[in-house]
Amino acid sequence: MKIFYSIVTFSAVLLFSLLGQIELKAQTNPAAQSLPYIQNFNSLTSISTTYPVGFQGWNLSTGGSSTSFRTITPPPSSDLSLIASATAASTTGGIQNYNGKIGILSSGSSDATLCLAISTTGFFTVTMNFDVMTIRNPYDASTNTHINQVDLQYRIGTSGVFASVSGIASGIYQNNTTTQISAITIPQNSLTKVFTLPAACNNQPIVQLRWVQRDVSGIGSRPSFAIDNLSICSVSVTPTISISGPSAFCSSGNATYTSTITNGGSTPNYQWKKNGSNISTNTPTPTLTGLIVGDQISCTLTSNQSCVTANVIASNVITIGVVNSAPTISNAVISNVSCPNAKNGSINITVTGGTAPYTILWDTINTINGALFGVTAGIKTASNPLFGLGSTSGFILDGVEAKELFLTRGITYSFSVLTPSHPFHISTDNIGGNATFLVTNGQSGAPTQNGTVTFKPSSVTPNLLYYACQFHQFMGYKVNITNGFATEDVTNLKAGKYTVIVADANGCSTSAQYTVIELPSPVTLNASITNAICSSSTGAIDLTVSGGVAPYTISWDTINTNGPTFGIIAGVKTASNPYFGLGSTSCFYIDGVEAKTISLIRNINYTFNILSPSHPWHISTDFIGGNTSNIVTNAQVGAPSENGTVFFTPNAAHPNLLRYVCANHQYMGNNINIVNGMLSEDLSNLHAGTYTVFVKDMNGCSATAQYIVNSTTSTIVLSATVTNTNCNSATGAIDLSAASGLAPYNFVWDTFNTLNGSVFGVMIGDKTPNGPYYQLGNPSSFYIDGVESKELTLTRNIPYTFNVFSSGHPWHISTENIGGNSNNIVVSGQTGAPNDNGTVFFTPNFTHPSLLHYICANHAYMGYDIHIINGTLTEDLNNLGAGVYSVIATDQNGCTAMANYIIATNGTCNVTLNLKAFLQGMYTGSGTMQPTLFSLGISSDQTASDSITVELHDVINPTVIVASSTVVLHTDGIAQIQYPSSVIGSSYYIVIHNRNAIETWSKLPVLFDNSIMSFDFTN
């Protein structure tokens, strides 16, 4: 039993194995596809070897192609694979994937057929539409001369013979004799075929359709055929097309024709014709020119809709019966604008020809570039009405963000577009982001991101449209459509370009553009200037006005004597700010003055140079700021701006009080007073400064000029008799005399800074424990004249010079003692600061407090105090010690003169020590040191190396300093020190100090036994 069971089991397995092998080799019937069925092979990649669902390739015979269309069922082993990446160069027989279409190529060993299965259950009168074409055509009229034909066959179910759908013995298609055997897949002789399937195919669960071929004549290699764009439907529709447009044409004009279609599909093709010949482009509404009487206009529609009875349909014909002449614009007389800002230009035109009456419309709005606009895209700013909506970018027209347009009906406008990734178009929708609402009537070239869009609004165009982006929302703005200015001649024009369209009674039109030029003002200004004597108000301007038409209106700005230009920066608020503690901690500084209140004269042009990152400056009617809701638009240009120029011309329409504010932050500005200015023709009693004048004549022509009143040089002459001191006693004197100028004179003496007069040397060094800010802030401190954190005392009205060499440590005078910034820099009387390698000048005056500070702009706690005093006010000085004394004299005209007088020491009462030493850090070798003090600009002596202090210490008690003197050590190591005669007769240790270097002592005491001594530390 076990053996028998094994044999039975083996037999069963073998049977099933054989059946499986037969099934694997059998003909494959494709799955029936439901109707309607559409296939264009777009989803079939060229490298695919998988048939689209519903298709299968078979081999009708291994004996090759036949002279008859085979109708029998192929043998069981007849499946053919889909051959990928086939071209006209492919020679292998079988089913070919021709990159978007499928074809058959028969050979001497294969008669290929392509089968499609459909289900017509519930459908009757089934129509089939497809394209058939030749891909490979080896015909060469010699060795390859095959002519082959294609037929479409059908059968019901999956067995039995096939019959021809058309019943035509020669089939439905035949190749031509044009050779094509290169590696391409371009269709040759493509034809669209439409068939109604035989009644036997109605209401069937399976209908198989197949394309077969046969040899007709010739020898050699055979052609291949392909199919594409299949549609199988139960109901067919017929495309229709009708056209409308004028049968009367306007000479020198154009005519627009409109097509109306049905069943055109998603991408219909329009072929317009004139007198049967192809013209125009693929558009439903062409505009034609140059038509004559008798011309016949028509259009052929090629539909791509599925299930059509025919996809190529011809329209009706419009015959041109009349050609009307267009009107002509001639003899234009242009009167230019007589002067800047006037509106007295005019254009007088004459219209002839055509058929009266005429309709005349002017575009008097778009006068900058006429009917041409430049379109770009940029980042939206807060002033954009669509800021915060949709895209962060917006369209910019002629340099204006979100410009609102006003276009005149009948005039053709051109938009030159350069907006990468933002296709521009005119739409009925204000949002954008698509082209669904694209205006087609009168617009061409849109959408585009790099090209030209033209638009001609007409009587059917609505009053409000929008320009928008095809891809992004809220990028454009409004397009207002107006009827224009309806008159033949236009007057009261400003300078610009004016476009006119003239239409006659027949609708024929012509247009023209005229330019009105703005002529220079005829008003001429000249002036004779008398300069002010020093700082007195003795200047004058004698103005002469000519040209134009008198009388003249004259307005002077005598307030802003630095000229009509202001510099704007942002800085930190101080307690003196009227809005301190409110809104932003920053505020605007105008010409260096925090929250400056400014007064502007009507009709004067003012310029504001802005450098205030993140703080857009503008003039507003609102004193709070933080937005641009109340920005002044009248006569303000370039605002808001944080890095640029704002222009503003106050006029009679502006209120007496405006404000300057920040668009982003609150309480950063202050008041702007708007005043009328001085109305006299001539000015007198003027200080030195810049004076701006505005003059307007009877016709409104104007001229503006600036005149500079300079300050004359002081005429004061100072002379003095100097009495030197006796030894170290305070017996010196200066007997001062002043001449010229206007008496009486005021004198101010600096009797405090007698070492170097009014000149100081500033450098940096390490802090020592003796410094007032030791271990606070930066480890370095400023050294003035070699003294760490020297406490300064400066006299009002004396000009002081600070020669600064402190790289990386900008030195300046401030109202605060800490430093690390320049927020509290003293701007009055100080120039050149902050500075780390140059000169700072400072003249204290009576507006300065009694205590200021010198600090570093980058680091904290590097400087110290500056005491401001009134100085000695007498003319002569007595009881003076040796030193430099500075004096400034001022006369009644404000003229000044300054002088320095040196009190020297008479006689030989001092002991002179000639000392030689070299400083290690400055020694260059060969008995020479670096001229550091000269290089730093602290000394004008080219041999000045550095300052040293030489002390004489008591021998019994070395901690006692008997005498000390600070002198300059020269590059040859020589320094000369003066000591009082009282040191003669005793011995002392000689001790040298230099900056932070280790003090150096003489090894033994030195006996001072003469008035001239020498000591050499280099031995």
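Predicted model: local features only at pLDDT ≥ 70, side-chain atom pairs only at ≥ 80, totals over all residues.
The mean pLDDT of the protein is 91, and 97% of the residues reach 70 or more. Residues 1-25 form a stretch in which the pLDDT is below 50, and in the model this stretch has three contacts beyond near neighbours in sequence.

One cavity of 30 Å³ or more is present, and the largest cavity holds about 60 Å³ of space. The residues that line the largest cavity are Ile-102, Gly-103, Ile-104, Leu-114, Val-132, Val-150, Trp-211, Phe-225, Ala-226 and Ile-227. Two or more of these lining residues are given by each of strand E6 (102-105) and strand E14 (224-233). When the lining of the largest cavity is divided by class, nine residues are nonpolar, one is polar and none is charged.

The second largest pocket contains about 1,500 Å³ of space. Its lining is made of 48 residues, and Asn-254, Thr-256, Thr-287, Gly-442 and Lys-456 are the ones that lie nearest the centre of this pocket. Several strands supply at least two lining residues each, among them strand E16 (248-250), strand E17 (254-256), strand E36 (450-455) and strand E40 (496-503). Strand E41 provides the largest share, with five residues. By class, the lining of the second largest pocket comprises 18 nonpolar, 28 polar and two charged residues.

The structure contains four salt bridges. In one of them, Asp-111 pairs with Arg-70, and the closest N and O atoms are 2.4 Å apart. This pair joins distant parts of the chain, since the partners are 41 residues apart: Asp-111 is found in the loop between E6 and strand E7 (112-118), and Arg-70 in the loop between strand E2 (55-59) and strand E3 (79-80). Asp-111 is buried, with a relative accessible area of 0%, whereas Arg-70 is partly exposed at 21%.

A further salt bridge is formed by Arg-995 and Asp-946, whose closest N and O atoms are 2.9 Å apart. Here too the pair links distant parts of the chain, 49 residues apart, with Arg-995 in the loop between strand E82 (986-993) and strand E83 (1000-1001) and Asp-946 in strand E79 (residues 944-954). Arg-995 is partly exposed, with a relative accessibility of 37%, while Asp-946 is buried at 1%. The side chains of Asp-398 and Lys-403 also meet in a salt bridge, with an N to O distance of 3.9 Å. In this pair Asp-398 is partly exposed, with a relative accessible area of 26%. Lys-403 has a relative accessibility of 17% and counts as buried because this value is under 20%.

Strand E30 (residues 393-397) includes Phe-395, which is buried with a relative accessible area of 0%. The C-alpha atom of Phe-395 is separated by 41 Å from that of Asn-324, a residue 71 places away along the chain. Ser-393 is also located in strand E30 and is buried, with a relative accessible area of 14%. Beyond residues up to four places away in sequence, Ser-393 touches Gly-378, Ile-379, Lys-380, His-422, Phe-474 and Met-475.

Positive phi values occur at Cys-534 and at Asn-603, neither of which is a glycine. For Cys-534 phi is about 55°, and this residue lies in the loop between strand E42 (524-530) and strand E43 (539-546). Cys-534 is buried, with a relative accessible area of 6%. For Asn-603 phi is near 80°, and the residue is part of the loop between strand E48 (598-601) and strand E49 (606-611).

Methods. Residues numbered from 1 in each chain as written. Heavy atoms only, no water. Helix = DSSP H or I, 4+ residues; strand = E, 2+ residues; numbered from the N terminus. Buried < 20%, exposed > 50% of the residue type's maximum accessible area, 1.4 Å probe, protein only. Contact = heavy atoms within 4.5 Å. 1 Å grid on protein atoms, 1.4 Å probe; cavity = no way out; pocket = protein on both sides within 12 Å on 5 of 7 lines; lining within 4 Å. Points joined across faces, edges and corners; volume = space filled by probe spheres on them. Nonpolar A, V, L, I, M, F, W, Y, C, P; charged D, E, K, R; others polar. pLDDT = per-residue confidence, 0-100.
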